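Biologist: Before I read anything into this complex, I would like to know what the terms used for it rest on. Please take me through them.

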Amino acid sequence: MGAMKGWEWLARGLVLSVLVGLPLSLWAADRVWNGSARWWIAQIPESGGWQPPTLEVQAGEEIRLRVTSADVVHGLSIPGLGISVTVEPGKVREIRLRPERPGRYRAICTVVCSPRHGEMIAELVVRPPGGGPIPEITAAPDGAFLFQTYCAACHGPQGEGKIGPPLNAAGRVPQMDEATLRAIIRQGRPGTAMPAWGDRLSSEEIEALIRFLRELSQEPSRP
Amino acid sequence: MRGAWFLVSGIGLLGFIAPVVGLVFRLTPGRTPVVREVELLSQAFHYDPLQPGEAHTRHALGGRIEVRWGERVVLHLRAVDTAHGFYLDGYGINRVVQPGEEVTIEFIAIRPGKFRFRCSETCGPLHPFMIGELVVTPNLPFYSSALGTIFLALAVVGRFWWLKGEA
Amino acid sequence: MVVRGMARAFAYPRLELTRCSLLRRLVKHRAFQFMLILPNLAVFVLVLVAAFLGTPVGNRNFAIIFVWIVWWAALIILLIPLAGRIWCAMCPIPAPGEWLQRLAIVTRRPGRPFTLGLSWPRALRNIWLQNGTFLAVALFSALILTRPLATGIVLALFIGLALLLSLLFERRVFCRYVCPVGGFIGLYAMVAPLELRVKDPQVCVTHKEKDCLRGNAEGYPCPWMAYPGNLWRNIDCGLCTECLKACPKENVGIFLRPFGQDLLLARAPGWKGRSLDEAYKAFIMLSCALIYSAVYIGPWGFLKEWANLSDPAGFALYATGFLGVNLIGLPGVFLIAVALARWIARAGIPLRRLFVELAYALVPLGLTGWIAFTLSFVLVNISYAIPLLSDPLGRGWDLLGTASHPWTPYIPELVPLLQLPVLWLGLVVSIGLAFRIAQQNLGDAAKARRALLPIASFMTLIVLLFQRLYLG
């Protein structure tokens, strides 16, 4: 009977270590892998879009941004910070960044993930170190980056055309004037898949895109 | 009576060998391949094959493509709602398609039988069950193994009828 | 020949495994069952943590892949066909309740158990409730199989219910009468070549104290409420080994035996004989294997959408069809086959009786149907388990460096070649069993041969249906 008492205590210890120790060690493992990380979880807009919709960080702070998807394939692009990654369901992508300039940075999904894909917009808010108002960003937008972010999904990474018409030298861009291009980008093409970008892109961004489209349509073999 | 039983059992055994021949060995017919073009729409959680020019109505019935043995199959794969994949059993083909793209997949139907294609890009909860069928006709493995089943059953029942003494 | 299936003190050859002294000492050790349960308890805790806190993406979550692919495949392909109810011996779900009842984990604590100790209602001492709980879970399988949270809730409900019932009722009524999994494990365990039985029933007849029933200092009274002296079928025994420990006569052992002996049994002392609740379990399992093969492996998107509760009207249709086939459709067609058999054989036995008796012949076919269905997804999807070893919660860990291992189907095009022999084995065994059962009930071989024709046709039709889904 004495020996059995020993077994009983051993068993109780083992059960306790499984019921308490195991969850604790899972928690500890998660601290090791994810300790200081900030999460951005992608979901189709029908289920709520980016979680959280707004991510706030301090300027100059080193951030481990861990991005994952809870449903289907998405992409994360923050044009103002030059970030663009694919986000696959259940897989975690880590982005390290140290945003220096305070401001509101728009983050969007770059993969057509659902019929309401276009609404999948979030915001990275970089607060000034000492507090105070968050300034608007005024840097000149990068047309090539904007193109990859917003246009390439339909018009192809080199503007060679996919469901959208080609925008390279083979297309009709060379024959269009600035006003026509501006109008198409702003208002979209009703009756086609081309959305109106007027409320999503600033005029500076649209001008940068038009400049890039001009470059693109002059070089037949742009890499 | 013993003879009858052995005959039936023997045919039953052939039923097992026939699908092995169909599935394991690639028997390529030696004629010029006929091209079979199919538009294949993918959406959570099924595939819709369309005939060229057919408009897409959300019928969502069987995601089944039937081609003849030896035909060159050209699939134009598109995604309706979100990114999907196309993994074809027995061919090692694995492609991903995003909405707005058209991915063209070409292969020769070298073996008769039914081969499943499966979504290979996580597309939602039922993603592992997003399955379509490529049936390469004549579906010899199915017909021969079905005959095998019938003869096998006959052989077992026949054991009690024909081999009374030994049962 | 075993005429009329009377249990003649084990009319089949048996090899007593517990004659090996090492194994005997192991199973007689009070910590034996605990050692089986402990690793499964650890996995179960991990499953629950993953289900509630891990990624909602099913194929990247430990709970979904390790329960519904790894555990399920091991259970249906290996554990049940080879070792019967061995899972019930190692299942962690009833463990907390049982430990609480005993106020001990491994020791034999004397005195009153910690429970109200109600006895289970007589009307429910069958597996009808298990048929119901299984159908309830099976109906919502598309949600449970694919959403970690749903799996977590269902498992938490199981463990909560097991705990509650152990506080209200005596012993393991949850396992015996409620558990949806225990029901079919028991039915198919009768096929297994492993049994826990007495060595000599005569010893039990003359042994008045019945330590196995009452318990003694070495062992608890049978948690499954079985009397080993009258234990003839694996369905009634959870392999917990308490009677092995308690028996002062050393009259209990674990035996290797030919497959499927319990199904040949027609009458035995202390057993009421084949019954409709178990017959229905056989119908339900066979129907579900067919329906799932169509819904999950088939190409019909609308079935998947209905099963997935995408729209209420579709789900209502699906539920009606699902329950209809399980409860009326397949049993109905089988009833017609039995009526034909009875007519062809000019048998005097009541139709209902023959229907129940012959339904047991569907057990091997049902088990092989489930193995075939399981084969259709296990080789294709087992590679999902590899990244989960490194990242069980889908939280971006990489413990073993396998976190980015891609989904890799193994020999998917050859799966039908594995399914065919499995189904054919089931067909051959089931037809043979149907003949034996017909002989037991109709008396002579000539009548049994005639009765076999419609029954074998029914079974052939079932296999052809599976074949149509897998190869056609």
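**What the terms rest on**

Modeller: In this predicted model, strand 8 (residues 113-118) and strand 9 (residues 131-137) of chain B pair in the antiparallel sense over six bridges. One such bridge joins Lys114(B) to Val135(B) in strand 9 of chain B.

Biologist: What makes strand 8 and strand 9 of chain B a pair?

Modeller: Two strands pair if at least two bridges are found between them. Strand 8 and strand 9 of chain B have six bridges, so they meet the definition of a pair.

Biologist: Which sheet of chain B holds these strands, and why are some of its strands called edge strands?

Modeller: The sheet is an open one of five strands, in the order 3-9-8-5-6, with mixed pairing. Strand 3 (64-68) and strand 6 (93-97) of chain B each have a single partner strand, so one side of each is left without a neighbour in the sheet. On average, neighbouring strands of this sheet are turned by 20 degrees against each other, direction ignored.

Biologist: What else does chain B contain?

Modeller: Chain B has two helices and nine strands. Starting at the N terminus, the elements run α-β-β-β-β-β-β-β-β-β-α. Of its 167 residues, 46% count as buried. Among contacts between residues at least 6 apart in sequence, 71% join residues at least 24 apart.

Biologist: Where does UniProt place the "transmembrane region" of chain B, and what does the model show there?

Modeller: The unreviewed UniProt entry places that feature at residues 142-162 of chain B. In the model this span is 100% helix and 0% strand, and its end C-alpha atoms lie 29 Å apart. The feature itself comes from the record, and such annotations may be inferred rather than shown by experiment.

Biologist: How many residues does chain B use to touch chain C?

Modeller: The contact takes 41 residues from chain B and 40 residues from chain C. On the chain C side, helix 16 (301-307), helix 21 (415-442) and helix 22 (445-471) each supply at least two residues. That side divides into 25 nonpolar, 10 polar and five charged residues.

Biologist: And how many residues link chain A to chain B?

Modeller: 15 residues of chain A are in contact with 11 residues of chain B. The chain A side divides into 10 nonpolar, two polar and three charged residues.

Biologist: What are the partners of strand 8 of chain A?

Modeller: Strand 2 (residues 54-58) of chain A pairs with strand 8 in the parallel sense over five bridges, and there Thr54(A) has Glu123(A) as its bridge partner. Strand 7 (residues 103-108) of chain A pairs with strand 8 in the antiparallel sense over six bridges, with Arg104(A) opposite Val125(A).

Biologist: Why is Leu399(C) called partly exposed?

Modeller: Leu399(C) has 13 other C-beta atoms within 10 Å. A residue is buried at 20 or more and exposed at 12 or fewer. The count for Leu399(C) falls in between, so the residue is partly exposed. Leu399(C) lies in the loop between helix 20 (385-390) and helix 21 of chain C. Leu399(C) and Leu388(C) are 11 residues apart in sequence and 9.5 Å apart in space, C-alpha to C-alpha.

Biologist: What scores does the predictor give the complex?

Modeller: The ipTM is 0.90 and the pTM is 0.90.

Key
Residues numbered from 1 in each chain as written. Chains lettered and ligands numbered in written order. Predicted model: local features only at pLDDT ≥ 70, side-chain atom pairs only at ≥ 80, totals over all residues. Helix = DSSP H or I, 4+ residues; strand = E, 2+ residues; numbered from the N terminus. Contact = placed C-beta atoms within 7 Å. Nonpolar A, V, L, I, M, F, W, Y, C, P; charged D, E, K, R; others polar. Axes fitted to C-alpha atoms, helices over the stretch in contact; angles between N-to-C directions.
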